[in-house]
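I opened my notebook to record what I would look up, one entry at a time.

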Amino acid sequence: MDSIMDRAKVPTRMTYRAVGSSTGIKEFMGEESDDYAQLNHFSSGDISLDADQYKIISDTEDMLHLPVVLGAISLFHSIPNVPVG
């Protein structure tokens, strides 16, 4: 993040806190959580906003929601008597 802040054309401060997706959503929406108020303009997590949360934010703020699905689960198996290739 330091290199991003150094290269930014406007003064930028970035931080990372491993608080979990639910807390991140609450803070992004402006709900105080664990003594942290909304201080962020960007959020990323493994839980996307539900329809109600999206409506609440999009009715009051300009927001771009980019749901992305990535998975790191692979299945490997071996079937006896099947030729390789």
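I began with the term helix, which here is a DSSP run of H or I with at least four residues, numbered from the N terminus. I noted that this is a predicted model, in which local features need pLDDT of at least 70, side-chain atom pairs count only at pLDDT 80 or more, and totals for chains, interfaces and linings use all residues. Residues are numbered from 1 along each chain as its sequence is written, and side-chain values use heavy atoms, with hydrogens and water left out.

Entry on H2. I then asked how many of the nine residues of H2 are buried (under 20% relative accessible area, with exposed over 50% and partly exposed in between, using a 1.4 Å probe and protein chains only). The count is seven, so defined, and among them are Gly 24, Ile 25 and Phe 28. These buried residues pack against helix H3 (51-60), where contact means heavy atoms within 4.5 Å.

Entry on the core. A nonpolar core is a set of buried Ala, Val, Leu, Ile, Met, Phe, Trp, Tyr and Cys residues joined through side-chain atoms within 4.5 Å. I read that the largest one has six residues, Ile 25, Phe 28, Met 29, Leu 49, Ile 57 and Met 63, and that helix H2 (residues 21-29) gives the most to this core, with three.

Entry on charge. I looked up the one salt bridge, a term for a side-chain nitrogen of Lys or Arg within 4 Å of a carboxyl oxygen of Asp or Glu. Asp 59 and Lys 55 form it at 2.9 Å, N to O, and both lie in helix H3, four residues apart.

Conventions. Helix = DSSP H or I, 4+ residues; strand = E, 2+ residues; numbered from the N terminus.
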